[in-house]
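Please walk me through this structure. I would like an explanation of its aromatic rings and of one of its helices.

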Amino acid sequence: MTAAMFARAVIVALLAIMAAPAQAQTCAGSPMRACALAQALAAARAIADEGARAQALGQIAVIEVSAGRVDEGLRLAQSVSDELWRDTALADIVAALAKSGKTAQALPAARAIEDGDRRAQALALIAAAQAKEGDLAAAAALAESISPGRARNSAFASVAEAYAKAGNIAAAQKAARDIPDAPARAAALGAIAIAQPSAANIAEALTVAAAVKGLPFPFDAVVEALLKAGNKALLLEIAGPIKDPDARDRALSGLASALAKAGEVNDAAALARSIGGDATRAEALGNIATIAAQAGKVADALKLAQSISDEGARTTAILAIAEAQARAGHLAEALAAAQSIKDPFWRYPALERIAAAQAAMGNGEAALRLAQSIKDEYWRDTTRADVAEALAKAGKIPDAVRAAQPIKDEERRGDAFAAIATAYAKAGKLADAVKSARPLKPGRARDAALAAIAEAQAKAGADKDALASARALTDAARRHAALTTLAVAQAAAGKDAAAVEFAQAIDHEDRRDGALADVAGALAKAGKVEAALAAARSVKDEQARTDAVRGVAEALARSGKLGEALALAQSIEEDTARADALRGIAVAMPE
């Protein structure tokens, strides 16, 4: 007999004391969760399909445990005959108990899981919870008991990190070194290096991480720890033991970037210059320059970027500086950086981003002048379009129109005027919005504008105009999405007739059924119970219709109408849906 079978047998033996399966009943007085769960349990036990019944019982078991009735939930989970669903319920129970710190109660549930991998994962969760609580000896012993594999590695990593944080470095190292998986071992050793940033600890962690794709080493935290300990000089030495030149260069690059983030730009640059590979060195210097610019050290950043010998890397760094300054609102500095780029292929994109940033900040005149200064027609049109969109979003619609009118490229011009139409709609200027959208050619930009116009028309009470605008979207998926959004918004406002009309306008049956189900839920939440039921029952597909009625019952429960919710759930004929509805109601109810 396996350990899982024995643990299960112990719990199943307790089932003899349980009463016969609960029957559907009426919850007297103010309905409470226990009564709703009893009804859900009766409905679940009545499900004919074995798999569906097992799934429903397992889900109810998890709810019982989450509500604090651990013994009841475990007994119910163990009564599930289907191994897959029993293991699923037990694993979910373990997760809930471990998360709430109830590791002692979680252990028998984990050990009762039949599937070896799932049992190992559950035990690893418990070990991590024990380590987090400070019960390190128990966590280490449990990790040791897990069969070799990913779950065991994860458990030892949690134990190692907890030991490191507690200052027990020797125990942390033992746990970390027992991990055969290099990425997990690197993470555990990295935690030790943070807790005790000695040369040996950092070198060990960095050496293991260097052999792993992506170099999983906590550069920022280790550098911060070294600086805090006053041991900055060690940074020049710790990458030395790495034999592979490429890995060593990547490690030096990571350390240099971390130094720059900590404000040590000059030392970061010095460390980056020690990188052997030209490309990696240039990239590292560019990263440091960008970090310095983001920290407001623009002069230092530009000086560092200009020192990069490789033209491509130098230009990329300067472009990054210009963009960082533009995003931060330092437009003069951004413009100076962009103008220093000699190659127009790179200079124009930088100017375009700066102009868009100026427009977003409401400085339309400066943005338009900068766009006009661009000599290349493609980039000039692109910049004008981005400026027009930014101005429209900022509510400066006349300036946006001025930016859009000279655009020659048809697609970019369409994007700009679609943004303008959307801005007019959001401002409540519906006639101007419709006028701006009318010349647009079918496509994504036109559809986006029409969707915004339809939404504004519906909010203004012009339901027929809104329906016409939504129906005019050419892409079916976008049209269905727009009509669904409008339908649900109308339902939330209690306008049941308009909501159903928008949903019924969808010409795809499955999507229409989905929209009607969403409308039903929103109407129930808004207190329009009869209209919600009518919407749910108008769904064509039988299963989808049942699910929609269940959704109404759950929405009623969430809005506090518990008696109505229970009555509706009990009226659902299909056993699985009835059990699901009652379970959903129980979750929404107070104890």
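How many aromatic pairs does the count come to? The model is a predicted one, and in it the count comes to three aromatic pairs, with ring centres required to lie within 6.5 Å.

A pair of aromatic rings is described by the distance of the centres and the angle of the planes. One of the pairs joins F345 and W346: the ring centres are 5.5 Å apart and the planes stand at 90 degrees, over the 60 degrees that the term needs, so this pair is edge-to-face. F345 has a relative accessibility of 56%, and because exposed means over 50%, F345 counts as exposed. W346, at 32%, falls between the limits of 20% and 50% and therefore counts as partly exposed.

Another pair is made by Y378 and W379, and this pair is also edge-to-face, with 5.3 Å from centre to centre and 80 degrees between the planes. Y378 has a relative accessibility of 53%, so Y378 counts as exposed.

A ring can also have a charge over its face. Here R347 lies over the face of Y348, 5.5 Å from the ring centre.

Now to the helix. Helix α8 spans residues 136–145, and its buried residues are L136, A139, L142 and A143. Why do these buried residues line one face of α8? Seen down the axis of the helix, they fall within an arc of 130 degrees, and therefore they line one face.

Key. Residues are numbered from 1 along each chain as its sequence is written. This is a predicted model: local features need pLDDT of at least 70, side-chain atom pairs count only at pLDDT 80 or more; totals for chains, interfaces and linings use all residues. Side-chain values use heavy atoms; hydrogens and water are left out. Rings of Phe, Tyr and Trp (its six-membered ring) pair if their centres lie within 6.5 Å; planes under 30 degrees apart count as stacked, over 60 as edge-to-face and the rest as tilted. Buried means under 20% relative accessible area, exposed over 50%, partly exposed in between (1.4 Å probe, protein chains only). A charge sits over a ring if NZ of Lys or CZ of Arg is within 6 Å of the ring centre and within 35 degrees of the ring normal. Helices (H or I, at least four residues) and strands (E, at least two) are DSSP runs, numbered from the N terminus. The arc is that of the directions from the helix axis to the C-beta atoms.
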